[in-house]
Amino acid sequence: MTAQDIFDKLKEHGYKITPQRQEIIHLLAREKRHMTVEDIHNHIAARFPNLSVDTVYRNVGVLERLNMLDRTDFGDGKGRYKLVEREGHRHHLICLKCGFSEEVDFCPLDYIDQQSIREKNFAIERHNFEIFGYCARCGKKGDK
Ligand SMILES: [Zn+2]
Ligand SMILES: [Zn+2]
């Protein structure tokens, strides 16, 4: 989604486009990687010295609720956010070093035997699947 798509959707849902909100969205649209709330705050603090981390949290929350942000956890307990490239179901390759992420066009659920899950009388509602590693730029762990 482009920054403009996001602004349109926010307006559609009755949200105001404040300068801070606009800046957060432009940053996420530009960076195209998973960022923590602190990362986002650090990037924007120079232009908006009065912007609190809490405000960034609230804005990220709004975008997440409207399904415009993907949230993932690199295993350190911190949520990392990236603008979705398209709406709906998706999975990612995520670089542990720089946070670069790329959508993959398959769903692992299509490759497993769902019958064995149904036999347990379990109704699948949703699932998470992300592949963590190192992007072409960052190379293998231990290089450099
Ligand atoms: Zn990387
Ligand atoms: Zn899936």
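Analyst: **The annotated positions and their surroundings**

His127 is partly exposed, because its relative accessibility is 24%. Please keep in mind that this is a predicted model. An unreviewed UniProt entry annotates His127 as "binding site". You can find His127 in the loop between α5 (114-118) and β5.

Let us see what surrounds this histidine. Setting aside neighbours within four places in sequence, His127 is in contact with His89, His91, Cys107 and Leu109. With His91 there is also a polar contact, side chain to side chain, at 3.3 Å.

Pro108 touches His91 and Phe129, not counting residues up to four places away in sequence. In sequence Pro108 and His91 are 17 residues apart, and their C-alpha atoms are 9.0 Å apart in space. Pro108 has a relative accessible area of 17% and is therefore buried, the cut-off being under 20%.

Now for the other annotated positions.

What are the protein donors of the zinc ion (ligand 1)? They are the SG atoms of Cys95, Cys98, Cys135 and Cys138, at 2.3 to 2.4 Å from the ion. The angles among the four donor atoms run from 104 to 116 degrees, and the site is tetrahedral. For comparison, the ideal angle for four tetrahedral donors is 109.5 degrees. Along the chain, the donors follow the spacing C-x2-C-x36-C-x2-C. One pair links distant parts of the chain: Cys98 comes from the loop between β3 (91-95) and β4 (101-104), while Cys138 comes from the segment after β5 (130-133), 40 residues apart.

We can look at three of these cysteines one by one. Cys95 has its place in strand β3, and it is buried because its relative accessibility is 2%. Leaving out neighbours within four places in sequence, Cys95 is in contact with Phe74, Phe100, Gly133, Tyr134, Cys135 and Cys138. Cys98 is partly exposed, at 22% relative accessibility. Apart from residues up to four places away in sequence, Cys98 touches Arg33, Cys135, Arg137 and Cys138. Cys138 counts as buried, since its relative accessibility is 11%.

Finally, let us step back to the whole chain. The protein chain has five helices and five strands, in the order α-α-α-α-β-β-β-β-α-β along the sequence. Of its 144 residues, 38% are buried, and its C-alpha trace spans about 55 × 45 × 25 Å along the principal axes.

Elsewhere in the chain is the largest nonpolar core, which has 23 residues; Leu10, Leu28, Ile40 and Leu63 have the most contacts inside it. Two or more residues of this core come from each of α1 (3-12), α2 (19-31), α3 (37-45), α4 (53-65) and β2 (79-83). As one example, Leu63 is in contact with Ile6, Leu10, Ile25, Leu28, Met68 and Leu69, leaving aside its neighbours within four places in sequence.

How values were computed
Residues numbered from 1 in each chain as written. Chains lettered and ligands numbered in written order. Predicted model: local features only at pLDDT ≥ 70, side-chain atom pairs only at ≥ 80, totals over all residues. Heavy atoms only, no water. Donors = N, O, S within 2.8 Å, 3.2 Å for Na, K, Ca; no water. Tetrahedral: all angles 85-135°; square planar, octahedral: opposite > 155°, others 65-115°. Helix = DSSP H or I, 4+ residues; strand = E, 2+ residues; numbered from the N terminus. Buried < 20%, exposed > 50% of the residue type's maximum accessible area, 1.4 Å probe, protein only. UniProt positions renumbered as here; feature names shortened; annotations may be inferred. Contact = heavy atoms within 4.5 Å. Polar contact = N/O pair within 3.5 Å; in protein donor to acceptor, adjacent residues only side chain to side chain. Core = buried A, V, L, I, M, F, W, Y, C linked by side-chain atoms within 4.5 Å.
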